[in-house]
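Subject: Structure handover and notes

Hello,

Please find the structure below, with the sequence alongside. My notes follow directly after it.

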Amino acid sequence: MRPWIIVGGGACGAVIAARGTENGNLPVTLLEAGPDYPIDLPKDLKDGRRNSIHRHDWGYHHTPTTGQRIPFIFPRGRVMGGSSAVNTCIAVRGRPYDYDEWELPDWTFDKCLPAFKRLENDLDVRDDWHGDSGPITIRRHTRGELVPWQAAFMDACSEHGLPACDDHNHPSKWGWGPHAMNKVGGERVSVARGYLTRTVRKRDNLQLRPDTLVRRVLFENKAVIGVEVERAGCIERVLSDRVILCGGSINTLGILLRSGIGPRDRVQALGVELVADSASVGEKLLDHHGSALFFLPKPGVVKFDDPLIQTAYRYSGDSRPYPLDMQIQAGSVLYFPWVTVPLVSIMTQVGKPRGHGTIEYKSADVRHKPRIHTRALEDAEDRTAAITSMRLAYEISQRSPMRDMALMIWPRPKTLSSDAAHDWIRGACDSGYHPCGTAPMGKAVDSRGRVKGVRGLWVADMSIVPTVPSANTHLTAIMIGERFGEWLRDGGLD
Ligand SMILES: Cc1cc2nc3c(=O)[nH]c(=O)nc-3n(C[C@H](O)[C@H](O)[C@H](O)COP(=O)(O)OP(=O)(O)OC[C@H]3O[C@@H](n4cnc5c(N)ncnc54)[C@H](O)[C@@H]3O)c2cc1C
């Protein structure tokens, strides 16, 4: 039996490989472009206090939006574990409506909940919503572990009369409180650590092939026959009639287009022969969009090794159509090349933006970097939601616990309270690093990830979500991996 090929060992792919190979009769080969560290994990991958954005990264940028002059970085993990291995460790689920609104019987919140529970070992909360024996350990910082700026954020929210929340992953609780995070003792618990354990790696039916860059999927008469890869400078074919793409929302799109799947004009513009004409491949790039207020902290408030984020306030914005989609977080320590001292911040995130971006691939060369247009906060309603949130963040920052620690230096309070806020925020917004939706279920793929118009090809990563969940995307990605892994193991993908 030829192995199933999984392309990309990230938050979805590593999980599918681990769960799928629980069936000892099912051979799986996992191809990952980045390195693998089964024993000595480099410091940046271990360090859960902040994200790693350079050492194990694809080196992407997004183009400036209106009001911006320079491209911003758009990090994506290039390593076994993918972006799960480099991220900020915020482990929050979407709200039930985030999954119900996909209107796919396989993906209602009730159907997803067992996978959310299965993936986690929540050390703090024992109730019907949580799991206690999954591969990803989740906990919340105790009061004593909070750095001063984070503790002050919670105190300031309280002083502002906002409600407290002890569990951001409860389906209906909201307010301020410690973030649920997948780190223990300051170390990141990525899918590479949680799922690709020593025991799993010993399985005879699992082959991990790191440092293997997949160029494209190969077809004969619209049926998959394998993939073309680049490894140590050589191009080779890995044959199989079943391939699951888990390269993440940017790279999976590139692989599809280079393989001849996508809108006819976009595929042909690359000089690639069309295999399946699919208008919804790459039609939209969904993401969260954020912005920040920056503060100069008093001496002693910030230490170099403080964790970036520990707490959040999650709430419903005024007249927002989506309940509880807004998020405000304190950022404890930020370094900029043009400022000699570390700054602190308060960040906001619009969880359900109306606007969306696009990704342009201008070449079929696998080394070509796509042009990513986030179009962050280009939509006027999204911008209003973000500005209203920034104004609330400012009010919180002016409560004594935070005001006594730091002085706001950007923007000027006057800018924030005036119409000028619209221009300011256009220049000051950025991606939340949560790209998704580039090959949505119900359009580009069916509800089990099967790519329409061909045989033997699946997509199973954040590309397939039809709408962006209101929360940060890591746990949703692992949940997707859990569901596909289970289907693969039990014969439900064929
Ligand atoms: C810096 C950063 C911080 C983040 N912080 C958070 C956070 O705190 N909380 C949160 O919820 N979310 C966070 N995220 C987002 C979260 O990590 C992602 O939503 C999630 O990892 C996406 O899962 P995925 O499987 O779709 O893609 P990924 O996890 O990115 O996995 C894709 C994998 O495919 C591999 N690959 C791609 N192309 C190829 C190819 N051609 N050949 C072979 N392999 C390939 C990649 O190297 C990678 O390993 C963050 C992301 C980043 C980058």
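This is a predicted model: local features need pLDDT of at least 70, side-chain atom pairs count only at pLDDT 80 or more; totals for chains, interfaces and linings use all residues.

Residues are numbered from 1 along each chain as its sequence is written.

Ligand surroundings

There are 42 residues around the ligand, and Gly8, Gly10, Gly82, Asn472 and His474 come nearest. A residue counts as near a molecule or strand when its C-beta atom, placed from the backbone, lies within 6 Å of it. By type, the shell divides into 18 nonpolar, 20 polar and four charged residues. Here Ala, Val, Leu, Ile, Met, Phe, Trp, Tyr, Cys and Pro count as nonpolar, Asp, Glu, Lys and Arg as charged, and the others, Gly among them, as polar.

Three elements each supply at least two residues of this shell: β12 (213-220), α8 (248-258) and α14 (474-489). Of the elements, α8 gives the most, with four residues. Helices (H or I, at least four residues) and strands (E, at least two) are DSSP runs, numbered from the N terminus.

Domains

Two domains are assigned: domain 1 covers 4-46 + 79-85 + 190-285 + 435-489, and domain 2 covers 142-178 + 289-350 + 377-428. These bounds come from an automatic or database domain assignment. Between the C-alpha centres of domain 1 and domain 2 there are 35 Å.

Helix α4

Which residues of α4 (residues 109-119) are buried? They are Cys112, Ala115, Phe116 and Leu119. Viewed down the axis of α4, these buried residues fall within an arc of 105°, so they line one face of the helix. The arc is that of the directions from the helix axis to the C-beta atoms. As for burial, a residue is buried if 20 or more other C-beta atoms lie within 10 Å of its own, exposed if 12 or fewer, and partly exposed in between, with C-beta atoms placed from the backbone. The cover over the buried residues of α4 includes α3 (96-100), β5 (120-122), β6 (136-140) and α14.

In β19 (residues 311-315), five of the five residues are buried, so the strand is largely enclosed by the rest of the structure. Thr311, Tyr313 and Tyr315 point one way, and Ala312 and Arg314 point the other way. In a regular strand the side chains alternate between the two faces of the sheet.

β19 runs antiparallel to β7 (residues 175-178), and four bridges join them. Within that pair, Trp176 has Tyr313 of β19 as its bridge partner. Four bridges also pair β19 with β20 (residues 326-334), again in the antiparallel sense. There the bridge partner of Tyr315 is Met326. Two strands are said to pair if DSSP finds at least two bridges between them.

Ser319 sits in the loop between β19 and β20. Its phi is positive, about 45°, although Ser319 is not a glycine. Ser319 is exposed, with 9 other C-beta atoms within 10 Å.

Strand β11 (residues 206-209) has a covered face, made by Leu206 and Leu208, and an uncovered one, made by Gln207 and Arg209. It pairs with β2 (residues 28-31) in the parallel sense over four bridges, and Val28 stands opposite Leu206.

Leu213 lies in β12 and counts as partly exposed, with 18 C-beta neighbours inside 10 Å. Leu213 and Val7 are 206 residues apart in sequence, yet 8.9 Å apart in space, C-alpha to C-alpha. Leaving out residues up to four places away in sequence, Leu213 touches Ala33, Val229, Glu230 and Val366. Contact is taken as C-beta atoms, placed from the backbone, within 7 Å.

Asn221 is in the loop between β12 and β13 (223-231). Phi of Asn221 is near 50°, a positive value in a residue other than glycine. Asn221 is exposed, with 8 other C-beta atoms within 10 Å.

A cis peptide bond

Trp410 and Pro411 are joined by a cis peptide bond, with omega about -5°. Pro411 is in the loop between β24 (406-410) and α12 (413-417). Most residues other than glycine have a negative phi, and most peptide bonds are trans.

Regards

Methods. Two residues are in contact if their C-beta atoms, placed from the backbone, lie within 7 Å.
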